[in-house]
Number of protein chains: 2
Amino acid sequence: MTTANRNATDDASIRKLMDDRGKAIRAKDSKGALSNIAPDIVSFDVVNTLQYIGSDASRKRTEEWFSSFQGQIGYETRDLSITMGETVAFCYSLNRISGIKTDGGKIDMWIRATLCYQKIEGKWMITHEHSSVPFDVESGKVSLDLKP
Amino acid sequence: MTTANRNATDDASIRKLMDDRGKAIRAKDSKGALSNIAPDIVSFDVVNTLQYIGSDASRKRTEEWFSSFQGQIGYETRDLSITMGETVAFCYSLNRISGIKTDGGKIDMWIRATLCYQKIEGKWMITHEHSSVPFDVESGKVSLDLKP
């Protein structure tokens, strides 16, 4: 396989991982959503605290987040960019999260998401994840109403 | 050079870029702080808006941020992790930002920072940056008092 072919294949493979992850998030399938999370992942999440270290912490946080919604989660990815090397890759996008929380509150917000991958034993695994919403300096409030 | 040697050298070179960047931020030297920013960088910043596209937008935002401080900026990096490939790399850390704003307000906060690099014409360049502070779900306020 030429380098160009290999990169094209890898790009497609990460794109598929992203698609599968999106489907798993919509269905609140935590096993699917976490299937390519490395054991030593360090995750910077949208909400407190500063960081979640290790896949157990990510799993707990994901399950907690899924169970805070009634029914399915709306999950749309926009402006996905994938940058591939031989063994290291990263991608980023703007993601729309929507749905009804268990307390009846409606969620419809855009977050920024960065996923960093390493190829471990031939498989692309997420070793670092960073998701966030920016805040407004004047009010100190998070800006949940921004749209791309 | 063996692969191991090359990786060690590259790791040191990105570490040096990070050190130089820290020095430039402390000194509010925007040229230094932006010296290895790629022209097509997409930056997710701590504050509004969702994204800054291109190095001109990053430069404007950085200069605006620098000029919002009286004197130097306190900038400390903790838990720096660097992951290197041949042509793609990423690093992340928790960074403490402190100082006195021009309005007299005191800043002392921890942010999460992810930098994604590509080797372009033999030089490591930042093509994606993501900095943020998480928020508290109950209050909707950004959590500026978290410490690692």
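User: What rotation puts chain A on chain B?
Analyst: A rotation of 180°, with 0.0 Å of shift along its axis, and the RMSD is 0.0 Å. That is how a two-fold axis relates its copies. Bear in mind that the model is predicted.

User: Ok, and which residue of chain A comes closest to the rotation axis?
Analyst: That's A:K141, whose C-alpha sits at 2.2 Å from the axis.

User: On to the interface. How many residues of chain A are in contact with chain B?
Analyst: 40 residues of chain A, in contact with 40 residues of chain B. On chain A, strands β1 (37-44), β3, β4, β5 (106-120) and β6 (123-132) each supply at least two residues of the side touching chain B.

User: What's the split into nonpolar, polar and charged on that side of chain A?
Analyst: You get 20 nonpolar, 15 polar and five charged residues there.

User: Why say the copies meet through the same surface?
Analyst: Because 100% of chain A's interface residues are interface residues in chain B too.

User: Switching topic: how do β3 and β4 of chain A run, parallel or antiparallel?
Analyst: Antiparallel, with eleven bridges joining β3 (residues 69-84) to β4 (residues 88-101) within chain A. The two strands make a hairpin, and three residues lie between them.

User: Which residue of β4(A) stands opposite A:Y75?
Analyst: A:I97 does.

How values were computed
Residues numbered from 1 in each chain as written. Chains lettered and ligands numbered in written order. Predicted model: local features only at pLDDT ≥ 70, side-chain atom pairs only at ≥ 80, totals over all residues. Least-squares fit on C-alpha atoms with pLDDT ≥ 70 in both. Contact = placed C-beta atoms within 7 Å. Pairing = 2+ DSSP bridges. Helix = DSSP H or I, 4+ residues; strand = E, 2+ residues; numbered from the N terminus. Nonpolar A, V, L, I, M, F, W, Y, C, P; charged D, E, K, R; others polar.
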